[in-house]
Amino acid sequence: MSWRYNNKEFRDEHIPEGAEGFVYIMKATIDGEDKLYIGKKNFYSKRNVKKGKRELKAMTDKRGSKKKLIKKLAYQSYFSSNEVLQAAHKEGVIIRRIILHICNSKRELTYQEARYMFKLGVLEDKQYLNNSILSKFYAVHLEINNPKK
């Protein structure tokens, strides 16, 4: 299933100039229950790889980097970092992937993800598979989820 944005299929050519990534929600029916997950994803993965022999030989400044930055699209086949959703995807469960917000920087991406999580109450609502927000606020530590007797 492809990504959706504003109720339309989202493709590579729809990526705005200068966009870093997006905040998403994934929806799936797992064991008869509707489950949701909020997360963020970069449009591109970036990694350094060693230059080939020809590239190294063609370098005029031998003090230059022996590596080059490779940037490739990384979001199309992404099905969340959540283990439950990954397992469901492998079992053939249909997962709806919806882009909520496109961001132009990593900082905005982190902020918007946290904003949506707090706004939607992902730690209080058992329908959400999210266990934490910013790895700082955890569902198991909230009194709402663990009332004292």
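View 1. Tyrosine 5 stands opposite isoleucine 99 in strand 7. This is a predicted model, so please read each view here with that in mind. Stepping back from the pair, strand 1 (residues 3-5) and strand 7 (residues 95-103) run parallel and are joined by 3 bridges.

View 2. The 5 strands follow the order 2-1-7-3-4, and their pairing is mixed. At the edges you will find strand 2 (8-9) and strand 4 (33-42), each pairing on one side only. As a reminder, strands of a sheet pair through backbone hydrogen bonds, either parallel or antiparallel.

**View 3. Strand 3 and strand 4 form a hairpin.** These two strands pair in the antiparallel sense, with 10 bridges between them. The hairpin has 2 residues between its strands, and here aspartate 31 takes a positive phi near 50 degrees.

**View 4. Helix 3 lies across part of the sheet.** Residues 106-120 make up helix 3, which lies across strand 3, strand 4 and strand 7. Helix 3 runs at about 160 degrees to strand 4.

**View 5. Two aromatic rings meet edge-to-face.** The structure holds 12 aromatic pairs, and this close-up is about one of them, tryptophan 3 with phenylalanine 22. Their ring centres are 4.9 Å apart and their planes sit at 70 degrees, so the pair counts as edge-to-face; the cut-off for that label is over 60 degrees. Because tryptophan 3 belongs to strand 1 and phenylalanine 22 to strand 3, the pair ties together parts that are 19 residues apart in sequence.

**View 6. A look into the largest pocket.** How much space lies in the largest pocket? About 290 Å³. Its lining comprises 18 residues, and those nearest the centre are Tyr37, Ser81, Met117, Asn130 and Ser132. Strand 4, helix 3 and strand 8 (132-133) are the elements that give two or more residues to this lining. Strand 4 gives the largest share, 4 residues. Sorted by class, the lining has 8 nonpolar, 7 polar and 3 charged residues.

Key. Residues are numbered from 1 along each chain as its sequence is written. This is a predicted model: local features need pLDDT of at least 70, side-chain atom pairs count only at pLDDT 80 or more; totals for chains, interfaces and linings use all residues. Side-chain values use heavy atoms; hydrogens and water are left out. Two strands pair if DSSP finds at least two bridges between them. Contact means heavy atoms within 4.5 Å. Axes are lines fitted to C-alpha atoms, for helices over the stretch in contact, and angles run from 0 to 180 degrees between N-to-C directions. On a 1 Å grid over the protein atoms alone, a cavity is a set of points where a 1.4 Å probe fits but cannot get out, and a pocket is an open set with protein on both sides within 12 Å along at least five of seven lines; lining residues have an atom within 4 Å of a point. Grid points are joined across faces, edges and corners, and a volume is the space filled by probe spheres set on the points. Ala, Val, Leu, Ile, Met, Phe, Trp, Tyr, Cys and Pro count as nonpolar, Asp, Glu, Lys and Arg as charged, and the others, Gly among them, as polar. Rings of Phe, Tyr and Trp (its six-membered ring) pair if their centres lie within 6.5 Å; planes under 30 degrees apart count as stacked, over 60 as edge-to-face and the rest as tilted.
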